[in-house]
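Here is a walk through one protein chain, from its overall dimensions down to single residues. Keep the structure open while reading.

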Amino acid sequence: MKKIKMGMIGGGIGAFIGDAHRRASRICNDYELVGGVFDIEYARSKEFALKEGISLDRCYNSVDALIKGELARPAGEKMEVVSIVTPNALHYPQAKKLLNKGFHLVCEKPMTMTVREALDLESLVAKTKLTFALTHTYTGYPMVRQMRDLIAKGVLGTIQRIDAQYYQGWINSIIYGTNSRITGVWRLDPKHAGVSSCMGDIGVHAFNLIEYTTGLEIKEVLSDLSQVKDGIKLDLDGTVLIRFDKKLKGVIRASQVCGGLENDITISVYGSKGSLRWGQENPNYLYMFSDTEPTKVFKPAHGYNYKLAEEGHTMPAGHPEGIYEALANIYKGTAKSIRKQKFIPGEFPTVHDGVRGMKFIHAVVNSNTKGNVWMKV
Ligand SMILES: NC(=O)c1ccc[n+]([C@@H]2O[C@H](COP(=O)([O-])OP(=O)(O)OC[C@H]3O[C@@H](n4cnc5c(N)ncnc54)[C@H](O)[C@@H]3O)[C@@H](O)[C@H]2O)c1
C-alpha cells in the first residue's frame, strides 16, 4: 500500500518526542517522512534534514512556507499529514493553519493553551472532516487497551474507586541548578507551557488514561497544587480529588519532583467484583485482583486478549515491546482513518480528548487558585 506522506513541525536535533514519533511512524510502516520545519532555527532544521536524508527543498523555515510549498506540489506528491511536536503554545496556531489548508494532523498534548482554543480546533475538525490524532501515548499500549475492554465487558462489577498517579523526578535537577537536561525546560515557563507544568504535562495523561480505560467522564475536581520552591511560576506537584457522580470518586496524583522516580504512571480501577491495575514502567503486565480467586496477570500476544490489544503487539509472547510500539499503534489507527478504512474507536485519541484534557487542566488550576474548591470539568 502507498505510504502516507508525512511532515513534522519540531522534533529536530536534540528534541525529545519528535524522534519517538518518527520511530513510531516507521514501526507501523504506513508513513514516509518527506519534509517539515524541524527546529526553531532554520540552520539547525536544515542540518537535521541532511542527517535524515530529507530533501532540502522540503525543509521549510516556517509553517506558512511549508503550506505554500506543499500545496504547489502535484496531488500524489503532496504532504498529507503533519505531526506537531513543538512546545505547547505553538500547537494551536500551527494546527489551525494546517487544518484550514486540508492537512490531517497528529498533535502532541496538551492540545492547546486554553479551553476556547481547544473547542475551536474541535469545530474545525468537524467542519473539515480531517483526521486529528492527539498523542496520549499510553493509550497505545496493548494492556491498556485490554483494560478498557475488560472494564467495558463489566468484569469489575460496579466501579467504586479510581486512582491514577504520574510521578517523575527530573525537574529537581532543573530547579536545584544541577541541570542534567537542557531540552524541555520551557515546561516551567507559562509563555510556552500554559497555565500548568505538572498537571499540564503529566497529570493530563493520568486524567486521559482514566477516561480512556473506563469510558467514564470526570465531572468535578478539587485540587491542591504546589510550586515546591520560591521563584517557580507553575505547579510542579499536586493532588486532585475527582468525582464522577455522588458515589464514584477517586484521586489523581502527579509530581515532577519525586526524586529518583522516572516515568511512573499507574492506574487502578477498583470494582465490586474485582480490580485492575496497570503501570507503564512494566507495561506488559495487567493485574486483575479478586476476593475469591488468585490474582490474574494478562500479558500481550496471547489468544485470550481482545482484538485491538492482541494486534498491538507485533512479536510472539515474551518479547517485550514498549513506548515506541504504543505510539506506533496510535499512528496505525490514525493511518486507517486517513485512508478512510474501518477502525475501532479508541485506536487513537481524538480532538475531543484534547478538549477534555484542556478542561481538566484549567479546572484543576482554577480549583487551586480559588482556594481548593470543587470545579466542574
Ligand atoms: N505524548 C507524550 O508522552 C509526550 C512526551 C514528551 C513530550 N510531549 C509533548 O511534546 C511536545 C514537545 O515536547 P518535547 O519534550 O519534545 O520538547 P523539546 O523542547 O525537546 O523539543 C521541541 C522542538 O520544537 C522545536 N521548535 C520550537 N519552536 C519551533 C517553531 N516555531 N517551529 C518549529 N520548531 C520549533 C524545537 O527546536 C525542538 O526541536 C510538548 O507539547 C510536550 O508536552 C508529549
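The radius of gyration is taken over C-alpha atoms, and the globule rule is 2.2 Å times the number of residues to the power 0.38. For 377 residues, a compact globule would have a value near 21 Å; the chain has 21 Å, so the two agree. Along its principal axes, the C-alpha trace spans about 65 × 55 × 40 Å.

This is a predicted model, in which local features need pLDDT of at least 70, side-chain atom pairs count only at pLDDT 80 or more, and totals for chains, interfaces and linings use all residues. Residues are numbered from 1 along each chain as its sequence is written, and side-chain values use heavy atoms, with hydrogens and water left out.

The chain holds twelve helices and 14 strands. These are DSSP runs, numbered from the N terminus: helices are H or I with at least four residues, strands E with at least two. Take contact to mean heavy atoms within 4.5 Å. Among contacts with a separation of 6 or more, 69% join residues 24 or more positions apart.

Now the interior. Buried means under 20% relative accessible area, exposed over 50%, and partly exposed in between (1.4 Å probe, protein chains only). Buried residues account for 55% of the 377. In soluble globular proteins, nonpolar side chains tend to be buried together. A nonpolar core here is a set of buried Ala, Val, Leu, Ile, Met, Phe, Trp, Tyr and Cys residues joined through side-chain atoms within 4.5 Å. The largest has 74 residues. Phe 132, Val 221, Trp 278 and Phe 360 have the most contacts inside it. Helix α9 (residues 198–214) gives the most to this core, with nine residues. A second, separate core has 23 residues, including Ala 20, Cys 59, Val 85 and Leu 327.

Leaving aside residues up to four places away in sequence, its contacts include Ile 242, Phe 360, Ser 367 and Trp 374. Where does Ser 367 sit? Ser 367 lies in helix α12 (residues 351–369). Ser 367 is buried, with a relative accessible area of 0%.

Finally, turn to helix α4 (residues 88–100). Its buried residues are Asn 88, His 91, Tyr 92, Gln 94, Ala 95, Leu 98 and Leu 99. An α-helix has 3.6 residues a turn, so residues three or four places apart point the same way. Gly 102 follows α4, and its phi is positive, near 90 degrees.
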